[in-house]
Amino acid sequence: IGRPVMIQFSEGGSAFFCGKALPNDGKKASILGACAGAHFVRNVAPAYGMPVFTHSDHCAKKLLPWFDGMLEADDAYFKANGEALFSSHML
């Protein structure tokens, strides 16, 4: 293919990525799933030889804890690696 692709993480899809058995109190499972998915994409994309952008889906006000958790992960990843974990976010 050789063309860039974008992987978009929704709040529900993120929770599903880490397993439906985890409780999602405070959107913790959604945060974990989005971050795990972004790490997965970063690790697998080079094998396909193409750039992949990781992006969050629209975030309603009730989902702000999920959004805040991803921003915290972005900050921590940036401090350790010099770039953000997610390419972009949609608020």
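# A guided tour: salt bridges, core and fold

Three salt bridges are present in this structure; a salt bridge here is a side-chain nitrogen of Lys or Arg within 4 Å of a carboxyl oxygen of Asp or Glu. This is a predicted model, in which local features need pLDDT of at least 70 and side-chain atom pairs count only at pLDDT 80 or more, while totals for chains, interfaces and linings use all residues. Residues are numbered from 1 along each chain as its sequence is written, and side-chain values use heavy atoms, with hydrogens and water left out.

**Stop 1: confidence.** Colour by pLDDT, the predictor's confidence in each residue, from 0 to 100. The protein averages 92, and 99% of the residues score at least 70. Strand β2 (residues 52-56) has the lowest confidence, at a mean of 92. Helix α3 has the highest, at 96.

**Stop 2: the fold.** Switch to cartoon. Three helices and two strands make up the secondary structure. Both kinds of element are DSSP runs, numbered from the N terminus: helices are H or I with at least four residues, strands are E with at least two. The order along the sequence is β-α-α-β-α. The radius of gyration is 13 Å, close to the 12 Å that the globule rule gives for 91 residues, so the protein is as compact as a globular protein of that length. That radius is taken over C-alpha atoms, and the rule is 2.2 Å times the number of residues to the power 0.38. The C-alpha trace spans about 40 × 25 × 20 Å along its principal axes.

**Stop 3: contacts.** A contact means heavy atoms within 4.5 Å. Take the contacts with a separation of 6 or more: 63% of them join residues 24 or more positions apart.

**Stop 4: the core.** Select C35, W66, M70, L85 and F86. Within the largest nonpolar core, which has 15 residues, these five touch the most other members. Helices α2 (28-48) and α3 (64-81) are the elements that give two or more residues to this core. Such a core is a set of buried Ala, Val, Leu, Ile, Met, Phe, Trp, Tyr and Cys residues joined through side-chain atoms within 4.5 Å. Buried means under 20% relative accessible area, exposed over 50%, and partly exposed in between (1.4 Å probe, protein chains only). Of the 91 residues, 32% count as buried.

Now centre on F86. Leaving out residues up to four places away in sequence, F86 touches F9, A34, C35, A38, T54, M70 and D74.

**Stop 5: K27 and E11.** Show both side chains. They meet in a salt bridge at 3.4 Å, N to O. The pair links distant parts of the chain, 16 residues apart: K27 is in the loop between α1 (11-17) and α2, and E11 is in helix α1. E11 counts as buried, at 15% relative accessibility.

**Stop 6: R42 and E83.** Here the closest N and O atoms of the salt bridge are 2.7 Å apart. R42 sits in helix α2 and E83 in the segment after α3, 41 residues apart. R42 is partly exposed at 28% relative accessibility. E83 is also partly exposed, at 39%.

**Stop 7: K79 and D75.** Their side chains meet in a salt bridge at 3.2 Å, N to O. Both residues lie in helix α3, four residues apart, about one turn of the helix. K79 is exposed at 65% relative accessibility, while D75 is partly exposed at 40%.
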